[in-house]
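I opened a new page in my notebook today.

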Amino acid sequence: MALLTPELQAMIGLQVHYPAREAFGHASIRYFALAMHDDNPLYVDEEYAKAAGYPGVIAPPTLVCETCQYAHRVPDADGYIGHEWHLPVPGCRMIRAGNDYAFSRPVLATDRISVTWTLESMVEKPSSRGGTQLFVMSVATYKDAQDLTVATNREALVFQPLVPHAQTQS
């Protein structure tokens, strides 16, 4: 039984856009830095950041890719409000297999950042457990109010059957 169905193949290229509703915010930057135990004064001290050549405090680089402040929906059953594809891959568990970040410039507290997610590709590959697994690649492009890219996040997801295919066909 193939995991990569025609229904899934038809979803390749799908895009979802989350427009910015407000500025990124000093509090978001400060809370993220605290959560990461990062006491870099660039994230909290306006005068220090200006003396370092920035217009104001900047965000830790990965915050722009890890925040869910772009999402404008009700939390799901697990309390998650961030982006998800909700791909119809029954009988599988989804594993986040990695991210590849690229940053064009630091994000400022005053920036209004929007994000567009694009479902780039899906490939079915053999699994060491027998059968196959589905690899899904998507990219999030984060843009400021001038429509300039400030960051990208290429994300890999793997859908693994809970029971290997070889066993489900007997």
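My entries go from the whole protein to one residue.

Ground rules. I worked with a predicted model, where local features need pLDDT of at least 70, side-chain atom pairs count only at pLDDT 80 or more, and totals for chains, interfaces and linings use all residues. Residues are numbered from 1 along each chain as its sequence is written, and side-chain values use heavy atoms, with hydrogens and water left out.

Overall build. I found 5 helices and 5 strands, in the order α-β-α-α-α-β-β-β-β-α along the sequence. Helices here are DSSP runs of H or I with at least four residues, strands are runs of E with at least two, and both are numbered from the N terminus. I also looked up the box that the C-alpha atoms fill: roughly 70 × 30 × 30 Å along the principal axes.

Inside. Of the 170 residues, 38% are buried (under 20% relative accessible area, with exposed over 50% and partly exposed in between, using a 1.4 Å probe and protein chains only).

One residue. Where does Arg73 sit? I found Arg73 in the loop between helix 4 (63-66) and strand 2 (92-103). Its relative accessible area is 30%, so Arg73 counts as partly exposed. Beyond its neighbours within four places in sequence, Arg73 is in contact (heavy atoms within 4.5 Å) with Tyr80, Ile81, Gly82, Glu84 and His86. I also noted that 9.5 Å separates the C-alpha atoms of Arg73 and His83, which are 10 residues apart along the chain.
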